[in-house]
Structure formats: structure tokens, C-alpha cells
Amino acid sequence: MKHVELIIIGGGPIGIACGLEAKKNNIEYLIIEKGPIVNSLFNYPVNMQFFSSSEKLEIDNIPFISNEAKPKRNEALEYYRRIVTSNNLNINLFEKVIAVEQQNRQFVIETDKQEYTASYVIVATGFYDIPNTINVPGEKLPKVSHYYKDPHFYAKQKLAIIGASNSAVDAALECYRKGAEVTMIVRGPEIGKRVKYWVRPDIENRIAEGSIKALYNATVKEIFPDKILVDTPKEEITIANDYILALTGYTPNFKFLQKLGIKLSDDKKLYPQYNEETMESNVKNLYLAGVICGGMDTHIWFIENSRIHAKTILKSILKKQSC
């Protein structure tokens, strides 16, 4: 069983920032990532453009140069990959953490490949792994997906998109322009208020002209192989359908956090307990970083405002080591 002073679970931008900070402070560390480098970003839609400008996505003051003010997915992959490779960060890819237990003042970390012990653990796992399901009959049919990758697949198909967030709007516009017959099913009375400001006029105009159909205050009641049943304010209607993108958001792995012993708030927000000054959770020497700190409010923390977590956490660890 190998001992590492600090294990960082998650190789996204914040996990990478924590690794950089550990390396600068000569703390032995290991980043463990279940997929490729910045796995969540890799699984974003191929044409995705960030809401934030490139300088706000920078970590450790390493310049992020992009073709436009707001970079795209491929540019972000290149940026974070080069940081990992050029700094020779200690990272194990395609290795999944199964369990973390605290034993005799240290942690035992079990992965699907081996076991480690560590004095400190940082959890920076993001929230892109578990989709919010709509819980209706037929949701498990092969034609239903909670992830959107490439619009080409949906050309000449009748596509229903459930949701009205940035991901749903981007998918609707891209698939429509590749020849899909798009219907958006929106639970509220309008397109989501957090939709990127430069995209909103586009989707609203496409809906107004009838290029994209939108059903507001509507919910899917049942999914069939060739159609869907939708409840609208006036009546239940049946829509012919080939594919469904249920882009209704994602949630952190709360079960994993609870297995670690991290306490969650009793309300629907499920905020994990941690010290805001150190980012240390209620479990001694176990720290939280990034979007998981916001519980169900996954819009609170982004790369741009949680990249400071790395310095905060390493400052706390260094202080403990000096005592």
C-alpha cells in the first residue's frame, strides 16, 4: 500500500490547481482522475463555448490565450492538458476512487486499481456525473440521453429537448441548424434566465419564427419508442419523436460525500459542511474544492471563483504541517 501525503480526487481544473499548488510548496501529492484530463470538460458538447472569458478560466496565473474572448471546449482542453504535461503533474488517469476511510489518523483510499494511504485528502469531483432524471415511464429507452455531444447525429430526426438552460438552448440551436426538427419542452414560462446573453436573442428569434417549436409550462408524461406524451396548460398532446435530449442538469455524487463522513444540510440544497476559511470539511484533514461546495446549487461555484480554493487549502495544510 503506497503512502502519499496528499491525494486529490478529481483531475478537473480545480484538482489541477490543487496539484500545482502542492508541487510549488513541495508537498508530495497525487491527483486521481477516473477519466482523461479534465474529464467533465472532455464530455461537454463538441462546439460548447464558455460563458466566462479566458482569463477567468486561468489557473496559477498561467495565461490562457483563445481565438475569441470566450474560449471553446477544444481550447480549454488544450490549455489544461498543456498545464498538466508541461508541469509534469503527478496524475493517475482512468482510475476510479471506490472508497475513502479514515484509519489511525490517516486516510485509506481504495481505487479500482490499488490502495493508498494519505495524510490529507482533497475532494474536487465536480457534478457532471449524475444527471437529474425526469422520472417518467420510458426514460430508460435507448432514444433518451441526458448528455449531448454532436448535432450531426440528429440531422433529419424529430428531436425533443427537455430543459431551457444553456446546454438545452445550445443543443436546440445547433441541432436545428444541422437539419433536426426540434421541439423544446420547457417546464417554466420562458427560456432560462441564466442563458448566455449573446445566445438568448438567437433562440428567442428561432422560436418566434417557428424554426424551433417551444412548449412552455409543459412536462413530459410518458415516452414511447416513436412518440412522447406531453402535458401542456391546455391539454395533453402527443408528439411524434425519434430522439430525446433530457438536459435537465446534473448533481454532485452526494452518496460518495456521505460515505466519506461529510455532513450535508437538511434542506433540499444539500450543502456539504466545511470551514469557509480553510475549505476543510467536518472530517478532519479532508478538504472540499470547486463546485461540489455548493450542493444542489451547482451555479454558485465555477472555475473562475473556486480556483482560489487551491491556495486556501494548501495554506491550511502547510500550517498543520508546521505545528
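1. Helix H4 (residues 166–177) contains 12 residues and extends 17 Å from its first C-alpha to its last, which is close to the 16 Å expected at 1.5 Å a residue; the expected span is taken as 1.5 Å times one less than the number of residues. Helices (DSSP H or I, at least four residues) and strands (DSSP E, at least two residues) are DSSP runs numbered from the N terminus. The model is a predicted one, in which local features need pLDDT of at least 70 and side-chain atom pairs count only at pLDDT 80 or more, while totals for chains, interfaces and linings use all residues. Residues are numbered from 1 along each chain as its sequence is written, and side-chain values use heavy atoms, with hydrogens and water left out.

2. The buried residues of H4 are Ala-168, Val-169, Asp-170, Ala-171, Ala-172, Leu-173, Glu-174 and Cys-175, where buried means under 20% relative accessible area, exposed over 50% and partly exposed in between, with a 1.4 Å probe and protein chains only. Among the elements that cover these buried residues are strand E9 (158–162), strand E10 (181–185), helix H5 (200–208) and strand E15 (243–246). Just after H4, Gly-179 adopts a positive phi of about 100°.

3. How do H4 and H5 cross? Their axes come within 10 Å and cross at roughly 55°, and H4 is therefore oblique to H5. Axes here are lines fitted to C-alpha atoms, for helices over the stretch in contact, with angles running from 0 to 180 degrees between N-to-C directions; angles under 35 degrees count as roughly parallel, over 145 as roughly antiparallel, 65 to 115 as roughly perpendicular, and the rest as oblique. The crossing of H4 and H5 is left-handed, a term used if the near helix is turned anticlockwise from the far one by less than a right angle, with right-handed used if clockwise. On the H4 side Val-169, Ala-172, Leu-173, Tyr-176 and Arg-177 meet Asp-202, Ile-203 and Arg-206 of H5, contact meaning heavy atoms within 4.5 Å.

4. Ala-17, Cys-18, Glu-21, Ala-22 and Lys-24 of H1 meet Ala-310, Lys-311 and Leu-314 of H8.

5. His-309 also belongs to helix H8. Is His-309 buried or exposed? His-309 counts as buried because its relative accessible area is 2%. Apart from its neighbours within four places in sequence, the residues in contact with His-309 are Met-279, Ala-289, Gly-290, Cys-293 and Trp-301.

6. Three strands make up an open sheet in the order E12-E13-E14, with antiparallel pairing, where two strands pair if DSSP finds at least two bridges between them. Strand E12 (219–223) and E14 are the edge strands, each pairing on one side only, and neighbouring strands of this sheet are turned by 30° against each other on average, direction ignored. Four bridges join E12 to E13, and Val-220 stands opposite Val-230 in E13.

7. The bridge partner of Leu-229 in E14 is Thr-238. Strand E14 (residues 236–240) has a covered face, with Ile-237 and Ile-239, and an uncovered face, with Glu-236, Thr-238 and Ala-240.

8. Two backbone values deserve a check, given that most residues other than glycine have a negative phi. Asp-60, which is not a glycine, has a positive phi of about 55°; Asp-60 lies in the loop between helix H2 (39–42) and helix H3 (73–86) and counts as partly exposed because its relative accessibility is 30%. Arg-105, likewise a residue other than glycine, has a positive phi near 65°; Arg-105 is placed in the loop between strand E4 (97–103) and strand E5 (106–111) and is exposed, with a relative accessible area of 82%.

9. Gln-258 is found in helix H6 (residues 254–259) and, at 47% relative accessibility, counts as partly exposed. Gln-258 and Pro-272 are separated by 14 residues in sequence and by 9.1 Å in space, C-alpha to C-alpha.
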